[in-house]
Each structure stands twice: as C-alpha cells, then as structure tokens.
Amino acid sequence: MIFDRNRLSIKLSILTTLLGFSFLLCSLALATPADQLESDEGNWVYINDESVIDAPLSIVVDHFKDVKKVDSMIPGLKIKKILKQISDSERIDYDHYELPWPFKDRYMIYRAREKIIAGRKILLTINPLDNHPFEDKSKVAIRIKESSFLLESLPEDETKTRVIVKLTLDPGGFLPVWLINLNAKNWSKDLFQNLRKNIRREIAKQKISRINIARNANTGPSSTF
C-alpha cells in the first residue's frame, strides 16, 4: 500500500475548510443576548428574493395571514402568536424560532400591516417595536428593520401570484454577516417550497378544481388580517 502524502494533505485541507464553515454558521445560534447588546450598529442579514406561486392571490395571502398555516411555511418557525389585534389590517405578532440544543432559540416581536393595492397587490409590512414591554429572557431577540412581503396577481394569468420577499434582520451577536448573506437565499427558497407544498395539500384536501381556482382568482382577499 503506497502512502499518498499529497492526497492526504488535500483531504485534510478540505476537512478543515468544512469544519470552519460549519463553525461560522453555528455562531448564529450560539450568540447570546449580551453579545447582541454590545453590537449597537447591528449585523444585518438581507434576504431579497422572488418567485411565482401557482395559485391566485386570495389563496396565497391566506397562507401568510393565517397563524396556523404560517407555522408550517416559515423555515425554522415553531410558534407564532398574535399579541394584539390593532385593527382588521394591523396587528402585533410574536415569532419563536427553534434551534437544536445547546443553541439558543430566537424570537421576534413586530408590527405587521396589510395594504391592499388596487385589488391586485397586497403589501405585508413588518416593522420593529423596540419599546414593546414584552420580553422573552429565555431566547435571543431578533432585531428587524423595515421588511415586507409583496404579493401580486400576474396580469397575464390571475391564477398565479408573484411573491417578493425583502427582509433585513439582525439575528443577534457577533456574526460572519458576509457568510450568512451568501446563504440567505436558501431560507427564501425553503419558504417558497413550503408555500407551494402547503397550497397543493390544501387544494388536494378540499378537492378544489381548476375551475374553482380560476374563480378564486376573481375573489378579493379577506379584509381581516
């Protein structure tokens, strides 16, 4: 058996790189509230992506507004609660994101608003609530800047909806932001994949025909957020 020193060196180099990469990603979960307080400027992660969903606007928006449906759609989300219903188009939400032990879970509190634009577009905005009295000391708070989900019915085919995601988040702690930003699109891809799967399941369960889907395209979105 011939000992190939060059090949062993290459394998060790690859292994070291992979371990380093995993360590950097795990630093997101290991960050503590104390770390977050020391980072006043914020380590912002940007998620900007879009995709077309094969369902009308009225069905797609329901999956963003319904608390039970959101739980299985948003990657990493374990619990969503409505802390306060301000109006039919505005509320204060609490999101709990679960991470495996021994990593700290995350939570986020924000003001969510819904704006219907000409009956063909719906803008769901997410705004920070820095002075909200609620605090979950067992978890790390996520900071958020103005973020949104824009849902728009395709003019050429109202049975389809374009979803545009724009999120700006600080998960807390000292993080390799450049590396997390490089992988941020994986989160949105999982979001779109979950949304499509949930809608297909709903259509199959309710036995919604293509004719009824077309009818839903002409039905205005629910007025309650």
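Which residues in H3 are buried? Keep that question in mind as you tour this predicted model.

**Stop 1: the whole chain**

Start with everything selected. The protein has 225 residues, and 42% of them are buried. Colour by secondary structure and look for seven helices and nine strands. Now show the contacts between residues at least 6 apart in sequence: 66% of these join residues at least 24 apart.

**Stop 2: colour by confidence**

The mean for the protein is 78, and 71% of the residues reach 70 or more. Select residues 147–154, which form strand E8; confidence is highest here, at a mean of 97. Then select residues 5–30, helix H1, where confidence is lowest, with a mean of 40. A word of care here: where pLDDT is low, the predicted coordinates should not be read in detail.

**Stop 3: helix H3**

Select residues 57–65 to bring up helix H3, which is mostly covered, with eight of its nine residues buried. Here is the reply to the opening question: the buried residues are Leu57, Ser58, Ile59, Val60, Val61, His63, Phe64 and Lys65.

**Stop 4: where H3 meets H6**

Two packed helices are described by the angle between their axes and the distance between the axes. For H3 and H6, the axes come within 11 Å and cross at roughly 115°. An angle from 65 to 115 degrees counts as roughly perpendicular, and the two helices H3 and H6 are therefore described that way. The crossing of H3 with H6 is right-handed.

Now show the side chains in this contact. From H3, pick Ile59, Val60, His63 and Phe64; from H6, pick Leu195, Asn198, Ile199 and Glu202, which they meet. Sorted by type, the residues of this contact are five nonpolar, two polar and one charged.

**Stop 5: Trp187**

Is Trp187 buried or partly exposed? Its relative accessibility is 22%, so Trp187 counts as partly exposed; the cut-off for buried is under 20%.

Next, show what surrounds this residue. Leaving out residues up to four places away in sequence, Trp187 touches Ile47, Ile74, Pro75, Val165 and Leu167. To finish, draw a line between the C-alpha atoms of Trp187 and Ile74: they are separated by 8.7 Å, while the two residues are 113 residues apart along the chain.

Key. Residues are numbered from 1 along each chain as its sequence is written. This is a predicted model: local features need pLDDT of at least 70, side-chain atom pairs count only at pLDDT 80 or more; totals for chains, interfaces and linings use all residues. Side-chain values use heavy atoms; hydrogens and water are left out. Buried means under 20% relative accessible area, exposed over 50%, partly exposed in between (1.4 Å probe, protein chains only). Contact means heavy atoms within 4.5 Å. Helices (H or I, at least four residues) and strands (E, at least two) are DSSP runs, numbered from the N terminus. pLDDT is the predictor's confidence in each residue, from 0 to 100. Axes are lines fitted to C-alpha atoms, for helices over the stretch in contact, and angles run from 0 to 180 degrees between N-to-C directions. Angles under 35 degrees count as roughly parallel, over 145 as roughly antiparallel, 65 to 115 as roughly perpendicular and the rest as oblique. A crossing is left-handed if the near helix is turned anticlockwise from the far one by less than a right angle, and right-handed if clockwise. Ala, Val, Leu, Ile, Met, Phe, Trp, Tyr, Cys and Pro count as nonpolar, Asp, Glu, Lys and Arg as charged, and the others, Gly among them, as polar.
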